Amino acid sequence: MSGGGIRPATSFTSAARETLKNRTLRANLGFATRTICAKRERVVDEIEDWQATRSAGAALKDHALANLEENLLLLEKQVEAAGGTVHWAATAQEAVEIVAKIARSHRISEVVKVKSITSDEIELNDSLKKQGIEAIETDLAELICQLADDSPSHILVPAIHKNREEIRQLFATKLGVEIESSEPHRLAEVARLHLREKFLTAKMAVSGANFAVASTGSIGIVESEGNGRMCLTLPDILVTIMGIEKVLPEWSDVATLMRLLPRSSTAERMNPYTSVWTGVTPGDGPQEFHLILLDNGRTNVLDDPVGRQTLRCIRCSACLNVCPVYQRVGGHAYGSVYPGPIGAILTPQLLAMADENANTLPFASSMCGACYEACPVKINIPEVLAYLRGKTHKQPVELAAFQVAYWVMSDSRRFSAALRGKRIGASVASMFGLVKGWTDSREMPEVPAESFRDWWRKRDR
Amino acid sequence: MTAKERILSRIRTAAVPREDYFRTETPVQPASIDLFCERVADYRAIVHRVSQDEVSATLNRICEGRRCLVAADFEFVIEGAIADAGFTHAELVDFETTITSCAVGIAESGTIVLDAGQGQGRRAITLIPDHHVCIIRADQVVSSLEEGLERVMVTRPLTFISGPSATSDIELVRVEGVHGPRKLEVLVVKA
Amino acid sequence: MKIQLFITCLNDALFPRTGVATTEILERLGHTVEFDPRQTCCGQMHLNSGYTDEALKLAESWLDVFEGAECIVSPSGSCVANVREMFAHMGEWTQTPGLVERAQAMDGKLFELSEFLLKFGGVEELQPYFPHRVTYHPTCHGARALGLSDSPEKLLRLVEGLEFIELDQKWQCCGFGGTFSVKNADTSTAMLEDKCATIWDSEAEYCVAIDNSCLMHIGGGLKKQGKAPKVIHLAEVLASRRPE
């Protein structure tokens, strides 16, 4: 299950059926998401006008996307002026090839990685491995996933599905260290010691990017543990893979982003560390820097006037935490490195609405709207879900049922006739889809003796 | 067609309509030193509020008995502290404490920003040793993120620090201290 | 006020009692209530299931029926949200001329029942009486899309004899979601189980909401699990009176 990618192996429905059976997972997730949601509310309430701040974030991202070509070209120019090299990758495969080529040219067989969902999206680790290059995850949760040969299940906390005891056992088996307690601080200490040697000797690091600033050519990474700083500072070579939608026009725009991101993500006023660098700096940090600008389906999303708001996403994961579906099925059910409500709209669009399994994702929502309420850049996820549902291919049986329902509802005489007398029960059951899927867990409602319109007609007389 | 041409032509085809966009001027507000100190301390960093005269004594006290590193152009004198002479990463491991100044402090978020300016040194020296002591003058503290961004040299390597390194990766329980310095002390020097 | 009832297809077919109660409340408050039998469905079910073309046509028919009304009241937060939010969205998606404007013209004219009652007042005069322990589930479309939050609870607090119990985890969706409840029945059921558990734990006799679709799901779940609490629409609680 390692690696990741964005192509679900099955439909959401059947994947969820499996993950729902895991009661431990549901308990771990329920506890974790409740905790973080409560914390988030506290730091959001602290902002005087959170709604205006969200609107500012949405407007900024829309502006950046409307000028994407200029922003990317300026970014390229500025990064190169500061001594970096810019590469463009239209597909995942192209991006992987660029990373591998850089490593090969320096005869490097081991790279350290800053947590990057973009690199998981392109299945970088598995692809590098095939070419004899070992990628070592340094974020604690990514390390846990890597050691467990498990895929991430959350954007921010990839190992959210594991509890402390599971992690203690994993470390004991895989790292060969006896750990007397499963206290999180002890487990973190084990990871610190394990990775220190790697940081000090690594020749090359691979990272994602939280933002780039076109006007200055600067790249930013937002993190908590310091593994990011280690990777961005100590190796000789740094390769950053960034989705093209992450570019912001101006340095001052970073303030808007940073007011929204940590609060929505880790539920903090500010994350412990944010690193920003521009090309290379003599005597400080890597002396060779490569920026890979990745499309991999993002321009599909950009091309759709309704769907393009999806590209505002800053990968905070607030929508996952508040989502009642995510809370129960967990990230793996979405079959993509982008789980939860944002994944339900992003994954199928990245695949150009052409992947049958990914097209089941827009239906993985009760449309409760909690995601939209939490989104710091106001992506109207329920709207996009409804819109994308309209773009999916329908099963013939279902299609026929909805056509019949439409035929009835599109004419008030037919509708009135359907609700008259004894017909009402059968009509209603078929019209509202109250069939097998319903009655497994719910009783049918009692069918009334007469419809409202019949009551009204009699009363009117 | 190169990948670059393919991507750019697809962006052009999408033809996202442009709308007017205005950046609002950031009002410059007097920064609250109390708020800054409170928010830095909130991250479980240790905050000392000292007068100019007390700086050297306080630093000497913090560093006593520790192998201490400072940037080559650090402005205060600390007994026994060693100036960065381009040590290798392996050599930096042997230092327990690094003392630096910083570019700006942001009250809104309790953040200090290092931009490789005077007294701050290169990034590795505030990363490898386990204990970072940072000095900030009251007049370096600004109220908002916007004002903070204006005060740094953006093209130099920047590190925004809000408390010691931390993780919440295990059951979302916050643990201070993973890879970065596990202990952060901030000296706020009164005007 | 002259009020046109937007009863919704589900209430019309399965929950006429809610429609009767709504009529009764509005008439007792002195309004003239009308029901245009040309109304069928606002198209939410089709939209929600990905049948945008059909939903669009149903939306246009809905507007044909209701456009002339000066005030429209509906005992469904979800259907009102569909008209208020999704009609305009559909207009934008499909570039249907005039649809956005026609949908926007409903602003200030179309109300969900509790919203109407809180805005224009008078519920005290009805002297509602419902001597039971009651909890309230804020259904998602009413609470979030219409922005009603938990304001309908205020109306319940005006009911004589009613003992109000706050529902734990009340903002959690019940798992209905229209087509979701059938298409992703396992996930829907997992959400339903948790909702039923909190209702059961509240020790309420009734769970009240402003949407019969969610209540049909919750009530069906409680019944299947053999649990005692019953579900009832807010309109029926407010229309209840002390026996003569």
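Chain A is divided into domain 1 (12-298) and domain 2 (396-460), with bounds that come from an automatic or database domain assignment. The C-alpha centres of these two domains of chain A lie 51 Å apart. Before going further, please keep in mind that this is a predicted model, in which local features need pLDDT of at least 70, side-chain atom pairs count only at pLDDT 80 or more, and totals for chains, interfaces and linings use all residues. Residues are numbered from 1 along each chain as its sequence is written, while chains are lettered from A and ligands numbered from 1 in the order in which they are written.

A residue is called buried here if 20 or more other C-beta atoms lie within 10 Å of its own, exposed if 12 or fewer, and partly exposed in between, with C-beta atoms placed from the backbone. A nonpolar core is a set of buried Ala, Val, Leu, Ile, Met, Phe, Trp, Tyr and Cys residues joined through C-beta atoms within 7 Å. The largest such core holds 278 residues, and those touching the most other members are Ala95(A), Val99(A), Ala205(A), Ala212(A), Ile292(A), Cys319(A) and Ile381(A). Take Ile292(A) as an example: leaving aside residues up to four places away in sequence, Ile292(A) touches His87(A), Ala89(A), Ala95(A), Ile98(A), Val239(A), Thr240(A), Ile241(A) and Met242(A). Touching, or being in contact, means that the C-beta atoms of two residues, placed from the backbone, lie within 7 Å.

Next come some backbone details. Most residues other than glycine have a negative phi. Met367(A), which is not a glycine, has a positive phi of about 60°. Met367(A) is found in the loop between helix H16 (340-350) and helix H17 (370-374) of chain A; helices (H or I, at least four residues) and strands (E, at least two) are DSSP runs, numbered from the N terminus. Met367(A) is buried, with 27 other C-beta atoms within 10 Å.

Arg44(B) is in the loop between helix H2 (33-42) and strand S1 (46-50) of chain B, and is partly exposed, with 14 other C-beta atoms within 10 Å.

How do the chains meet? Of the two pairs of chains in contact, chains A and B share the most contacts. That contact takes 67 residues from chain A and 54 residues from chain B. On the side of chain A that touches chain B, the largest share, eight residues, comes from helix H10 (residues 184-201) of chain A. By class, this side of chain A has 34 nonpolar, 21 polar and 12 charged residues, where Ala, Val, Leu, Ile, Met, Phe, Trp, Tyr, Cys and Pro count as nonpolar, Asp, Glu, Lys and Arg as charged, and the others, Gly among them, as polar. Strand S9 (residues 273-278) of chain A and strand S9 (residues 158-161) of chain B pair in the antiparallel sense over four bridges; two strands pair if DSSP finds at least two bridges between them. Within this pairing, Leu158(B) is the bridge partner of Val276(A).

Chain C also meets chain A, with 59 residues of chain C in contact with 53 residues of chain A. Helix H12 (residues 185-201) of chain C gives the largest share of the chain C side, eight residues. Chain B and chain C, by contrast, do not touch, and their nearest C-alpha atoms are 15 Å apart.

Finally, consider chain C by itself. Chain C has 14 helices and eight strands. Its radius of gyration, taken over C-alpha atoms, is 18 Å, close to the 18 Å that the globule rule (2.2 Å times the number of residues to the power 0.38) gives for 244 residues, so chain C is as compact as a globular protein of that length. Of those 244 residues, 59% count as buried. Chain C is divided into domain 1 (2-120) and domain 2 (125-239), whose C-alpha centres are 22 Å apart. In chain C, 26 residues of domain 1 are in contact with 23 residues of domain 2. H2(C) gives the most to the domain 1 side, with seven residues.
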